[in-house]
Amino acid sequence: MVFDIEMIKKVYAALPGQVGETRKLTGKPLTLSEKILYAHLFNHTSHAFRRGEDYVEFRPDRVAMQDATAQMALLQFKTCGRDKVAVPSTVHCDHLIQAQTGADADLEKALSVNREVYDFLGSISNKYGIGFWKPGAGIIHQVVLENYAFPGGMMIGTDSHTPNAGGLGMVAIGVGGADAVDVMAGLPWELKMPKLIGVKLTGRMSGWTSPKDIILKVAGILTVKGGTGAIVEYFGEGADSLSATGKGTICNMGAEIGATCSIFGYDDKMAAYLKATGREEVAALADQIREHLRPDAEVYAAPEKYYDQVIEINLSELEPHVNGPFTPDLAWPVSKMKEAVEANGWPDEVEVALIGSCTNSSYEDITRAASVARQAEEKGLKAKSEFTITPGSEQVRYTVDRDGLLANFDSIGGIVLANACGPCIGQWARHIDDPSRKNTIVTSFNRNFAKRNDGLASTHAFVASPEIVTAFALAGRLSFNPLKDTLTNEKGEQVMLDEPRGEELPARGFAVEDPGYVAPAKDGSHVEVIVSPDSERLQLLEPFPAWDGNDLKDLRLLIKAKGKCTTDHISMAGPWLKYRGHLDNISNNLLIGAVNAYNDQTNSVKNVLTGEYGEVPKVQRAYKAAGIGSVVVGDENYGEGSSREHAAMEPRHLGVRVILVKSFARIHETNLKKQGMLGITFADKNDYEKVQEDDIIDITGLTAFAPGKPLTVVLHHKDGSSDTFQANHTYNAQQIEWFKAGSALNLIRKQFAG
Ligand code: F3S
């Protein structure tokens, strides 16, 4: 048993009481999301929270991390002094395997190329009580659904498609590595109380329509921003008719509309999936508190009263959809695709059809797609497109292989890729003669932004269900409508494809020889974390130094950034991703994308010690070597974008002492605070203009640093004049302690040291 039944028992024992209290507190019937959120508050509350307004601290039950984001998260965790993670946590090696020729060869190559990363993740997981899923074990979200997700639970995962676990009734939210560190260290995890969007599903699907089409339709209605800051809660008889894995697909792709997460209420389909995946005990426990794992009856009766927005979809009328290109909210019913292809001039030829991934590789998905593939032989058809299959986990792969389904794909030329992200995240060495040629691919994945799958701007990627993608592979055309159109077979006859048939769960049960799981040591104190001292990709972290108790004096200006300065400008992605586990190496990208207000150039700032211009990281390293602290000055909404903690760690590591801006993006501001950095704002935004390139800067008032009390900035200009003005901050008492200790993790370490 890899899941933690004791933790689930605890959650279920407390839930009925917590739901009752929450009803009293809010004075109304509850949606499912509210039941789960209030049951996971970090501290007891005596008042209800305002949705979309209040920031709330939560205590999630689990953490899941994928191998790209886990590196820095675990390096940080290691510095907090705990001997074990505070909540059950897992690491999944899925992102670093490149699809090139096929599962076995690709996995073998990844094992050698990424060896040091895997050795590190395996050893540190072993040490700190973290479950480790080896390369080839599967994709994080599928593995979580098969093993860990449980109705009524709350988890965070360091990947944007973590909400996949909503298919089993869990509030599961994608976060950055810094949030994972907090929860593993036992700190509260903060989130703005989400708004709630209710999606009522009526009727029943049939024929070619699948759960994928529900989310493709919802994406078309709500668009890529429509779910921002909201949980999307599905309900209605149509919802209860969907398999748990189908629900998972819908929740997974809720990320495409920007939703915090998506969720379904507990039902018989979830119970069946829990039982089929070896979790009879969880199903039995959930059955006992079923009413608390679904919205209250009054919510079903009058959803408009309880959700901020309600959408209704009649599944009986829903057509299969194809979404794209370049954005997942461009939704086309398959019957309109021919017109759309002609009107927009998209390449009609489907060059590659790809099924599977974390989004759509359930037993049901594979059986339905395989039933289409089987028809090729019976009807004398051949696949016209290249065709790949990405199983979501070794358990799924083994089971569908045992049941002869992979052979069906093989018979039409399908290539089975490793149980990993591969082309879904751009880890795909695509074979294409002319990379600049406009071309079309169709996937059953979730995202289709330009360049996402193969790095080519010329590729038009469309998203559809696995069975529709398989039909496109046989037709080789995007304009093909399998519900109406015929195909010409080898004998020149016109044939039609039959409706796909699937099985929700394997009749003979799931099977697997080696699921790829490594349980951690019971006592990890003797385990050594493996990091080679000369590694370029990994570096153990030294705790940041504590504040010395004095005001900050004689600082130099590193850069006065002008205009937009996102986390991408502060810590660029792309080729730098490989250094995510090596703070010193990745720090060589510090602020290289920011525009210097004095020369309008990027990565060119004045080294006031020499008077010469140089690259930002080099100039900062020169200040650090000279023992001089520095200040970064920024414009509005500094640090918007991703929650990447590197954007806060890099300046801290290189000796920047203060980030002084007109305004902060909230997550970045919190990240700076966690790293012990001083992040402050101009009380009068016009003071931004007073900062000059050669200034020597003091920040005073720190000895009386207190919530709500402004600090003072003194600029000593080169001509001997000076300017003094106020700077505001949003540090609360706890965050001031982080600053004093040098970082939030330092403070925890102090607590654990006694
Ligand atoms: Fe993300 Fe991997 Fe799925 S890249 S979308 S977790 S297949």
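In which sense do strand β14 and β17 pair, and over how many bridges? Keep that in mind while setting up the view.

This is a predicted model, in which local features need pLDDT of at least 70, side-chain atom pairs count only at pLDDT 80 or more, and totals for chains, interfaces and linings use all residues. Residues are numbered from 1 along each chain as its sequence is written.

**Stop 1: the strands**

Select β14 (residues 350-356) and β17. They pair in the parallel sense, over four bridges. Pairing here requires at least two bridges found by DSSP. Strands are DSSP runs of E with at least two residues, helices are runs of H or I with at least four, and both are numbered from the N terminus. Val350 stands opposite Thr440 in β17.

Five bridges join β18 to β17, and the two run parallel. Thr440 stands opposite His460 in β18.

Stay on β17 (residues 439-443). Five of its five residues are buried. Buried means that 20 or more other C-beta atoms lie within 10 Å of a residue's own; 12 or fewer make it exposed, anything in between partly exposed, with C-beta atoms placed from the backbone. Both faces of β17 are covered: Asn439, Ile441 and Thr443 on one side, Thr440 and Val442 on the other.

**Stop 2: the ligand**

Select the ligand and its shell. Around the ligand are Asp94, Ile139, Ile140, His141, Asp159, His161, Ser357, Cys358, Cys421, Cys424, Ile425 and Asn446. The cut-off is a C-beta atom, placed from the backbone, within 6 Å of the molecule. The shell divides into six nonpolar, four polar and two charged residues. Nonpolar covers Ala, Val, Leu, Ile, Met, Phe, Trp, Tyr, Cys and Pro; charged covers Asp, Glu, Lys and Arg; the others, Gly among them, are polar. Domain 1 (5-317) and domain 2 (321-495) each supply at least three residues of this shell.

Pick out Ser357 from the shell. Ser357 sits in the loop between β14 and α16 (363-379). Its phi is positive, about 85 degrees, although it is not a glycine. Ser357 counts as buried because it has 30 C-beta neighbours inside 10 Å.

**Stop 3: the domains and the core**

Color by domain. The assignment gives domain 1 (5-317), domain 2 (321-495) and domain 3 (552-752); such bounds come from an automatic or database domain assignment. The centres of domain 2 and domain 3, taken over C-alpha atoms, are 47 Å apart.

Next, show the largest nonpolar core. It has 224 residues, and Phe472 and Leu660 have the most contacts inside it. A core joins buried Ala, Val, Leu, Ile, Met, Phe, Trp, Tyr and Cys residues through C-beta atoms within 7 Å. Center on Leu660. Leaving out residues up to four places away in sequence, Leu660 touches Val631, Val633, Ile680, Phe682, Val713 and Ala727. Contact means C-beta atoms, placed from the backbone, within 7 Å.

**Stop 4: helix α26**

Select residues 744-752. Ala744, Leu745, Asn746, Leu747 and Ile748 are the buried residues of α26. Their cover includes α3 (67-78), α7 (177-185), α24 (666-674) and α25 (733-741).

**Stop 5: loops**

Go to Pro325, in the loop between β12 (321-323) and β13 (331-333). The peptide bond from Gly324 to Pro325 is cis.

Finish at Asn637, in the loop between β25 (630-634) and α23 (646-654). Asn637 has a positive phi of about 55 degrees, although it is not a glycine. Asn637 is partly exposed, with 17 other C-beta atoms within 10 Å.

Methods. Two residues are in contact if their C-beta atoms, placed from the backbone, lie within 7 Å.
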